[in-house]
Amino acid sequence: MTTIKFRNKLSFQLLVMIVISLFGTILVMSVLSRPIFELIRLTMNNENLLVVQASVAFFGWFFIAIVTFVLIFIMLVRKKILYLKLISDTVQHIASGQLGQTIDIKGKDELSQLAMNINYMSQELEHKFIQERQIEKEKNELITNISHDLRTPLTSIIGYLKLIKDGQYRHQEQLHEYFETIYSKSSRLKHLIDELFEFSRLSSPDVKLNLSRIDMTGLLQQIIGEYIPIFEEQQLTVEKSLTDEDIYVVIDIEKMVRVYENLFINAIKYSQKPSEILISFEAEEHTTILKVSNRIENPPKESINKMFERFFKGDNARKDAQGTGLGLSIAKRIMELHHGDIYAEYKNGWITFTLLLPIKPK
Ligand SMILES: Nc1ncnc2c1ncn2[C@@H]1O[C@H](COP(=O)(O)OP(=O)(O)O)[C@@H](O)[C@H]1O
Ligand SMILES: [Mg+2]
């Protein structure tokens with residue numbers, strides 16, 4: 001809050017107005033006094049006039065003086081009163097829901113400061129209101145998406161269970177097939193619920209990281225090593241270029257491994273086959289940079305970083321009902337919790353995910 005100069009203070013201004021009104025009254029009354037006192041003098045000499053009339057004239061003089069004072073004072077204070085009324089009307093509008101309304105700032109006194117504070121409050125309220133509405137909208141969308149995604153496998157499980165219950169299968173092999181389908185749909189349901197659980201757990205503002213110091217190069221070597229056979233099985237050749245240095249970072253290992261695995265699994269699921277997967281890792285002064293690239297058949301239709309929005313599924317994922325659309329939004333959240341970043345780029349048939357992670361001081 002800014003301090004108001006003494007000469008701009010409302011109390012000082014009112015005092016000045018009172019003094020001006022007083023002088024104005026004296027001026028007016030000194031002009032009017034002559035005929036009034038003349039009248040009183042006449043009364044004293046003229047016996048035809050009663051003393052009562054003289055007193056009336058005298059009190060009349062006082063009355064005129066007071067009225068003059070009040071009129072001058074009202075004239076001087078009028079602008080402030082109108083401004084106060086404007087403030088009061090605006091506050092009433094804000095209270096009745098017209099958030100974001102503001103008052104023109106006039107002067108530098110307490111009233112203008114009040115107006116400034118009301119403007120701030122009004123804009124903050126509007127901002128909060130819009131934010132709340134957005135959260136509400138996102139929540140509704142989330143519930144719709146979750147319901148849809150949970151219902152699809154569940155409907156199919158119930159359908160197959162009904163077939164079995166009603167004995168609607170021709171032979172043992174068909175029964176076995178139904179069980180297989182039920183099992184895979186149930187697994188998908190469990191995976192979806194696990195991801196949802198993880199997502200909501202990570203979204204909570206008081207999520208805690210289980211931090212420990214680890215050599216990131218070693219960790220990546222190990223995970224990539226575990227994934228190479230899976231990549232190869234899918235006709236994907238890995239070309240890796242990792243730094244030779246040990247690079248120590250402080251991370252929640254379990255969560256970070258989840259990010260890497262999601263990137264590798266995505267590369268397996270969504271890349272063109274046969275092709276290559278490029279993995280590079282290096283460190284700059286304050287940041288580690290991991291890049292994972294894979295080939296894709298068609299360039300992304302929408303803005304590439306939409307992939308990080310929850311429940312975003314590309315055509316390739318929607319076609320065979322793979323994926324939950326949560327993996328990359330979970331990865332993004334984990335990177336943010338580590339004060340890092342993750343983003344994607346597309347160039348000449350290649351999609352590249354870049355992960356930046358700050359190196360903590362040793
Ligand atoms: N490496 C990748 N190559 C091509 N598309 C990808 C890749 N990773 C993710 N995507 C696209 O982004 C979408 C979101 O990915 P993600 O959040 O991991 O969810 P999910 O894998 O469960 O669908 C995927 O459906 C896919 O269309
Ligand atoms: Mg995924």
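The largest nonpolar core of the protein has 28 residues, and those with the most contacts inside it are V259, L263, V292, A331, I334, M335 and L355. Such a core is a set of buried Ala, Val, Leu, Ile, Met, Phe, Trp, Tyr and Cys residues joined through C-beta atoms within 7 Å; buried denotes 20 or more other C-beta atoms within 10 Å of a residue's own, with C-beta atoms placed from the backbone. At least two residues of this core are supplied by each of α5 (216–233), β3 (248–252), α6, β4 (275–283), β5 (287–295), α8 and β7 (350–358). Leaving aside its neighbours within four places in sequence, L263 is in contact with V292 and F353, contact being C-beta atoms, placed from the backbone, within 7 Å.

The model is predicted, so that local features need pLDDT of at least 70 and side-chain atom pairs count only at pLDDT 80 or more, whereas totals for chains, interfaces and linings use all residues. Residues are numbered from 1 along each chain as its sequence is written, while chains are lettered from A and ligands numbered from 1 in the order in which they are written.

In overall form, the protein has eight helices and seven strands, taken as DSSP runs (helices H or I, at least four residues; strands E, at least two) numbered from the N terminus. Along the principal axes, the C-alpha atoms fill a box of roughly 140 × 65 × 40 Å. Of the 362 residues, 17% count as buried.

An automatic or database assignment divides the protein into domain 1 (6–98), domain 2 (145–203) and domain 3 (211–358). The centres of domain 2 and domain 3, over C-alpha atoms, are separated by 29 Å. Nine residues of domain 2 are in contact with eight residues of domain 3. On the domain 2 side, α3 (110–165) and α4 (172–203) each supply at least two residues, and the largest share, seven residues, comes from α4.

Finally, ligand 1 is surrounded by 21 residues, of which G314, A317, G323, G327 and L328 are the closest; the criterion is a C-beta atom, placed from the backbone, within 6 Å of the molecule. α6 (253–270), α7 (315–319) and α8 (327–337) each supply at least two residues of this shell, with the largest share, four residues, coming from α6.

Methods. A residue is buried if 20 or more other C-beta atoms lie within 10 Å of its own, exposed if 12 or fewer, and partly exposed in between; C-beta atoms are placed from the backbone. Two residues are in contact if their C-beta atoms, placed from the backbone, lie within 7 Å.
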